[in-house]
Amino acid sequence: MELFKIHKTIPFMKYALVLNIISAVTFLLAVFFIVTRGFNLSIEFTGGTIIEAKYQHAADIEKVRNAISSLNYSDFQVQNFGTAEDVLIRLPLKEGISSAEQSQIILKALQAQDASVSLTRVEFVGPQIGNELYKNGLHAFIFVVIGICVYLAFRFEWKFSVSGVIANLHDVVIILGFFAFFQWEFSLSVLAGVLAVLGYSVNESVVIMDRIRENFRKQRKATVVEIINSSITQTISRTVITHGSTQMMVLSMLFFGGPTLHYFALALTIGIWFGIYSSVFVAAAIAMWLGVKREDMIKTPKKEDPAAEIAEG
């Protein structure tokens, strides 16, 4: 399906060197911020207090958030669970204050807004559980990366495989760099978004590399640069449809999904745009610089053994 058709090939590789230098600088900055600033881990990783509150009517989540913000909490989560009357609150640890004391402070702040509210559960989540979640999340990330590497190794010739892996890791590291630089909250939902971007980005790279491989077989007189440029141009319409429709859904989560989905949608948004960029300028350009050629795409026929032919004769 094509939304529009471009009749003139766009010379993407003409700008590949400049854009990849910018990519390299951005990548190195992202690594620098990850190492020096680290992540602003959510209470899912660091531990904290979990409070369940019960209202006699549908709870106003925004009022609950305002009440907790007035107590000088910044890193906290508020959401409905079960029914509209039940509210789940996650609070970070505060030095010198126990979970029981935290819950009483929160209860007073909520009752100042609505006297009918009551607490049904207060639970302390220790940092040991958070460390376990952090390690499990890291293992999930590593397994996904390994899986993608294995898939690309079987799917393409090694030059395409290497370029695809580099492009995908480029996207993920830059997303993590944004979160480290701005100290946005890094939660399990953000980790899920990063893993989703890995799969989403590799899909775009595979589409473009598949078209390049196909055009190598069709356009026998064209140069490598011409084939790469025409292949990317031919897939632009598909890219606009796919990424445009996905981005509309992600933006709806970003603007209307509330704080619970905000950073998840933000990670996806960064990943979608950098996924398009890396598939076009990073993956294709690296494959070009690695010396991909028509002979890599077409298997040469096996030569007949003269001795065998004589024996048969």
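First, a term: when I say contact, I mean heavy atoms within 4.5 Å. Second, helices (H or I, at least four residues) and strands (E, at least two) are DSSP runs, numbered from the N terminus. Third, axes are lines fitted to C-alpha atoms, for helices over the stretch in contact, and angles run from 0 to 180 degrees between N-to-C directions.

Now the ground rules. This is a predicted model, where local features need pLDDT of at least 70 and side-chain atom pairs count only at pLDDT 80 or more, while totals for chains, interfaces and linings use all residues. Residues are numbered from 1 along each chain as its sequence is written, and side-chain values use heavy atoms, with hydrogens and water left out.

Start with the overall layout. The chain is divided into domain 1 (12-40 + 130-297) and domain 2 (48-125). Those bounds come from an automatic or database domain assignment. The C-alpha centres of domain 1 and domain 2 lie 39 Å apart.

Next, the sheet. What is the strand order? It is E3-E4-E2-E5, 4 strands in an open sheet with antiparallel pairing. Strand E3 (77-81) and strand E5 (118-125) are the edges, and each pairs on one side only. On average, neighbouring strands are turned by 20 degrees against each other, direction ignored. Two strands count as paired if DSSP finds at least two bridges between them.

Look at the pairing of E2 with E4. Strand E2 (residues 48-54) and strand E4 (residues 83-92) are joined antiparallel over 7 bridges. Ala53 has Val87 in E4 as its bridge partner. Ile51 has Ile89 in E4.

Now the other side of E4. E3 runs antiparallel to E4, with 5 bridges joining them. Gln77 stands opposite Arg90 in E4. Phe81 stands opposite Thr83 in E4. E3 and E4 form a hairpin with 1 residue between them. In that turn, Gly82 has a positive phi of about 75 degrees.

Helix H4 (residues 99-111) lies across E2, E4 and E5, at about 145 degrees to E5.

The search uses a 1 Å grid over the protein atoms alone. A cavity is a set of points where a 1.4 Å probe fits but cannot get out. A pocket is an open set with protein on both sides within 12 Å along at least five of seven lines. Lining residues have an atom within 4 Å of a point. Grid points are joined across faces, edges and corners, and a volume is the space filled by probe spheres set on the points.

The largest pocket holds about 430 Å³. It is lined by 21 residues, and the closest to its centre are Phe76, Gln77, Glu185, Pro259 and Thr260. Which element gives the most to this lining? H10, with 5 residues. H3, E3, helix H7 (188-218) and helix H10 (258-289) each supply at least two. Domain 1 and domain 2 each contribute at least three residues to this lining. By class, the lining has 6 nonpolar, 10 polar and 5 charged residues. For the classes, Ala, Val, Leu, Ile, Met, Phe, Trp, Tyr, Cys and Pro count as nonpolar, Asp, Glu, Lys and Arg as charged, and the others, Gly among them, as polar.

The second largest pocket has a volume of about 230 Å³. Its lining includes Phe39, Phe45, Tyr134, Phe141 and Phe186. Helix H5 (127-155) gives the most, 5 residues, and H7 supplies at least two. This lining divides into 10 nonpolar, 1 polar and no charged residues.

How many cavities of 30 Å³ or more turn up in the whole structure? The search finds 1. The volume of the largest cavity is about 40 Å³. Val145, Ile148, Cys149, Val165, Asn168, Leu169 and Leu198 line it. H5 and helix H6 (158-182) are the elements giving two or more residues to that lining. By class, that is 6 nonpolar, 1 polar and no charged residues.
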